[in-house]
Amino acid sequence: MTQKNHKLTIGWLYPTLMSTYGDRGNIIVLSKRCEWRGINVEIVPIDQTTSDQQLKSIDLLFGGGAQDREQELVIKDLHKKGKTIKELIENNTPALFVCGAPQLMGNYYEPSVGERIEGLGIFDMVSKHPGPDKERLIGDIVAQITAPTLLDTKYHIQTTTVVGFENHGGRTYLGENVLPFAKVIKGFGNNGEDGTEGVVYKNAIGCYLHGPLLPKNPMIADYLIQKALEVKYKEKIELKPLDDELEEKANKAILQKLGVNS
Ligand code: GLN
């Protein structure tokens, strides 16, 4: 079980530039589910002013969605932090990246117009926007978690169906060294072609699910919190179960709306 003196520092990438479609709600869920278990939590906004020392103290990293313009604005500073962020992920620091954020953690993102944005190359994948005259991939989405690390029974993920909302022009294609996060049941996912949704590398998750993701899929929040405590304290962690009746109802409501059997 978690102990009173357990503490997590959650790093939030560029909160004012990368938080489309309610993504800041993921930070609220991570904080609350820590507080309800007596885990101290500190949220550290990461921006141009953040020192390398502060970045190295992060136990769990979050990055939300952004329009192409905001992605172009943050990438220069993100590259300055690239080496440390890569080290964090390589050392198993858990992370959740939504939409625009994982695109920048990949090898590159070709926006609708303008120059290719070179990514940090943490996720072996590329993203390409087919251009302003092509349709964006928009709508409610349902996917089935397939990533083995998340399906490990010690994380007690019973509900393996994730629901959310997607709105992206970029299409993402996974490379060799990564696995999909999930398989699309309804919606577009990475590219609307190969049925994959998101990406997993070590303890980092990338996905196209806004909404925000975590209120209707609290099992993912618990997975990230448990992983972060295990990596930080190098001990087996069991989280106290919470009453997720409302969250499960919200998840099921989307499944019903989309005619997906739960
Ligand atoms: N700008 C990126 C795209 O259109 C990401 C969009 C987002 O984060 N919602 O694909």
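View 1. A backbone N or O atom of G100 is placed 3.1 Å from an oxygen atom of the ligand. This is a predicted model, in which local features need pLDDT of at least 70 and side-chain atom pairs count only at pLDDT 80 or more, whereas totals for chains, interfaces and linings use all residues. Residues are numbered from 1 along each chain as its sequence is written, and side-chain values use heavy atoms, with hydrogens and water left out. Q103 contributes a polar side-chain atom at 3.1 Å from a ligand oxygen atom. For G169, a polar backbone atom lies 3.0 Å from an oxygen atom of the ligand. The protein covers 100% of the 290 Å² of accessible area that the ligand has on its own (Shrake-Rupley method, 1.4 Å probe). A polar contact is a pair of N or O atoms within 3.5 Å.

**View 2. The shell around the ligand.** The ligand is surrounded by 17 residues (a heavy atom within 4 Å); A66, D68, Q71, C99 and G170 are the closest. By class, 11 residues of this shell are polar, 4 nonpolar and 2 charged (Gly counts as polar, Cys as nonpolar). At least two shell residues come from each of α3 (68–80), α5 (100–105) and β9 (161–168) (DSSP runs: helices H or I of at least four residues, strands E of at least two).

**View 3. The protein as a whole.** The secondary structure comprises 9 helices and 14 strands. Along its principal axes, the C-alpha trace spans about 55 × 45 × 30 Å.

Definitions and conventions: A polar contact is a pair of N or O atoms within 3.5 Å; within protein, one must be able to donate a hydrogen and the other to accept it, and residues adjacent in sequence count only if both atoms are side-chain atoms.
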